[in-house]
Amino acid sequence: MNEFLYMGGYAAYVWPSYGLTLVVIVLNIVWARRLLARSREEARRRLAMQGEET
Amino acid sequence: MTWTWFHRLGSPPYIYGLAARLTPWFAWTAAALIVGGLYGGLVLAPPDYQQGDDFRIMYVHVPTAWMSLMVYTTMAVSAAVGLIWRIKVSHAVAASCAPIGASFTFVALVTGSLWGYRMWGTYWEWDPRLTSELILLFLYLGYMGLRSAIDDTQRADRVSAVLAVVGVINVPIIHFSVLWWNSLHQAPSVMQLAKPTMPASMLIPLLMMFLGFTIMFGALLLVRLRAEILNRERTANWIREAVAS
């Protein structure tokens, strides 16, 4: 296990690369879901206001 | 043969529903491929005979670099289709691509820099490949900035589409930069017509990552596309049903 983490002496380059990639994947998932949730919420509010007017 | 399938592809309610149904399939397929590719790349693949374990950065660098180009091409083609045929959904696809492409271009640049440091002895060099990839990041950011600066969505669609289409010239420049000019960066070893120059134990995890990242882009795009469609179809009746629950 230690040997795996050591990465033949390249740990300082290999792990940050994988770490950053993982972080950006997770952020992309969070951003996309949040964008959709917000758009749905906005559409719902807009439709509710239209309903009141008519 | 009828053209109804083609017309349906331009229909916002149809696309909205289709995107919702397809998202989990894309997401879980991508997750399985990426987890498999990670295991293959970090554990099963042997260390490179010249680069040792440092070469494992390849499994995140090459797929993200591929994404940076593939997403831009998707964005430019959708923008062009939107401009020419005035298809709203097409513009919505283009707008959805930019943040995804920008973030993975950033990852490709940073992982490349980390890889290059030990192999070339420098984090950065104003080299053709590196510089053109940096310009790609600025193109994405410029596209996003331009969109957010224009309030009217239809105008933002048209103006930003022109930028996306003009900027596509950078894509072949990036791809062929390592062949056209003397570059620190190595030439392609997978995306070439001759046989790839890698043993199967190294190549298979890389191909899994390629495919996994591409399908993940599909999943992210489908989610963002639904949001873009909702924002564009402000007055359509079908939305009431789509956002109920």
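This is a predicted model: local features need pLDDT of at least 70, side-chain atom pairs count only at pLDDT 80 or more; totals for chains, interfaces and linings use all residues.
Me: Which elements cover the buried residues of H5(B)?
Reply: Buried means 20 or more other C-beta atoms within 10 Å; exposed means 12 or fewer; partly exposed lies in between, with C-beta atoms placed from the backbone. Among the buried residues of H5(B) are Arg129(B), Glu133(B) and Tyr140(B). The cover includes, in chain B, H3, H4, H6 (153-167) and H7 (170-180).

Me: How are H4(B) and H5(B) oriented to each other?
Reply: Their axes come within 9 Å and cross at roughly 150 degrees. Axes are lines fitted to C-alpha atoms, for helices over the stretch in contact, and angles run from 0 to 180 degrees between N-to-C directions. Under 35 degrees counts as roughly parallel, over 145 as roughly antiparallel, 65 to 115 as roughly perpendicular and the rest as oblique. H4(B) and H5(B) are therefore roughly antiparallel.

Me: How many charged residues are in the contact of H4(B) with H5(B)?
Reply: Contact needs C-beta atoms, placed from the backbone, within 7 Å. Ala, Val, Leu, Ile, Met, Phe, Trp, Tyr, Cys and Pro count as nonpolar, Asp, Glu, Lys and Arg as charged, and the others, Gly among them, as polar. Here 14 are nonpolar and two polar, and the number charged is two.

Me: What is the handedness of the crossing of H3(B) and H8(B)?
Reply: The two pack at about 40 degrees, with axes 9 Å apart. That makes H3(B) oblique to H8(B). A crossing is left-handed if the near helix is turned anticlockwise from the far one by less than a right angle, and right-handed if clockwise. H3(B) passes H8(B) in a crossing that is right-handed.

Me: Which helix gives the largest share of the side of chain B that touches chain A?
Reply: The contact takes 31 residues from chain B and 24 residues from chain A. H3, H4, H8 and H9 of chain B each supply at least two residues of the chain B side. The largest share, 11 residues, comes from H4(B).

Me: Is Arg86(B) buried or partly exposed?
Reply: Arg86(B) sits in the loop between H3 and H4 of chain B. Its phi is near 55 degrees, positive in a residue other than glycine. Arg86(B) has 13 other C-beta atoms within 10 Å, so it is partly exposed.

Me: How many other C-beta atoms lie within 10 Å of Met7(A)?
Reply: Met7(A) lies in the loop between H1 (2-6) and H2 (11-53) of chain A. Its phi is also positive, near 50 degrees. Met7(A) is buried, because the count of other C-beta atoms within 10 Å is 20.

Technical notes. Residues are numbered from 1 along each chain as its sequence is written. Chains are lettered from A and ligands numbered from 1 in the order in which they are written. Two residues are in contact if their C-beta atoms, placed from the backbone, lie within 7 Å. Helices (H or I, at least four residues) and strands (E, at least two) are DSSP runs, numbered from the N terminus.
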